Amino acid sequence: MADQYPLRLRVLRALTARLEEISSTGGLYEFDMAGKVFRGRHWYGDDDPLPLISILEAPLPLDQIGSANDNTASAGQWELLIQGFLDDDHDNPTDPAHFLLALTRQKLVEIKSQKKDQRVPGNQYNILGMDGRVSAMTIGPGVVRPPDDVSAKAYFWLSVTLSLVEQLDKPFD
């Protein structure tokens, strides 16, 4: 049955929803990311809510196994960049970014590990509920940066690489 969104956008929407579940209260830094995770936003202003997370595609695509001859399937890696922007700690500006990076990585590991009993026949694990179309996830180490030329606030970025199986002639299936 066809969906109203193409596969990659369905994946991004599912990832957005899961990252919006990040919440931490009662600690040094408190975060509630509900409504603060965005897709495809590269620029932010003073009116945007902090902290916030942005999911972007890497600027250069990774190699994929293309469809040959009459085959319409394609498989390969899709690299995403997750960025987090936060208000600085006065004494140690990057400390909050380290906390949100750790919570983001923890949530990604949770997503990745929720694969038991979710195997789809003929495919690997069913990550993000995509019926085996997202078959693997690799989580990078992440980098935290103080305010600089890129951002007036401390921030982090984290690479996430998903293994996708796409049916090029049926992008909405």
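This is a predicted model: local features need pLDDT of at least 70, side-chain atom pairs count only at pLDDT 80 or more; totals for chains, interfaces and linings use all residues.

Colleague: How many helices and strands does the protein chain have?

Modeller: The protein chain has two helices and nine strands, where helices (H or I, at least four residues) and strands (E, at least two) are DSSP runs numbered from the N terminus. Read from the N terminus, the order is α-β-β-β-β-β-β-α-β-β-β.

Colleague: And what share of the residues is buried?

Modeller: Of the 173 residues in the protein chain, 38% are buried; buried means under 20% relative accessible area, exposed over 50%, and partly exposed in between, with a 1.4 Å probe and protein chains only.

Colleague: Switching to rings, how many aromatic pairs are there?

Modeller: The structure holds five aromatic pairs, counting rings of Phe, Tyr and Trp (its six-membered ring) whose centres lie within 6.5 Å, with planes under 30 degrees apart called stacked, over 60 edge-to-face and the rest tilted. One of them joins Phe38 and Tyr44, a tilted pair at 6.2 Å centre to centre with 55° between the planes.

Colleague: Which of those two is buried, and which is partly exposed?

Modeller: Phe38 is buried, at 18% relative accessible area, whereas Tyr44 is partly exposed, at 23%. Tyr44 also pairs with Phe85, and this pair is tilted because the ring centres are 5.6 Å apart and the planes stand at 45°. Since Tyr44 lies in the loop between β3 (37-39) and β4 (52-57) and Phe85 in strand β6 (residues 73-86), the pair ties together parts that are 41 residues apart in sequence. Phe85 is buried, with a relative accessible area of 9%.

Colleague: Which residues make up the aromatic cluster?

Modeller: Phe38, Tyr44, Phe85, Tyr155 and Trp157 form one aromatic cluster.

Colleague: Last topic, where is Arg18, and what is it in contact with?

Modeller: Arg18 is in helix α1 (residues 7-19) and counts as buried because its relative accessibility is 17%. Leaving aside neighbours within four places in sequence, Arg18 is in contact (heavy atoms within 4.5 Å) with Lys107, Glu110, Ile111, Gln114 and Leu128.

Note on methods
Residues are numbered from 1 along each chain as its sequence is written. Side-chain values use heavy atoms; hydrogens and water are left out.
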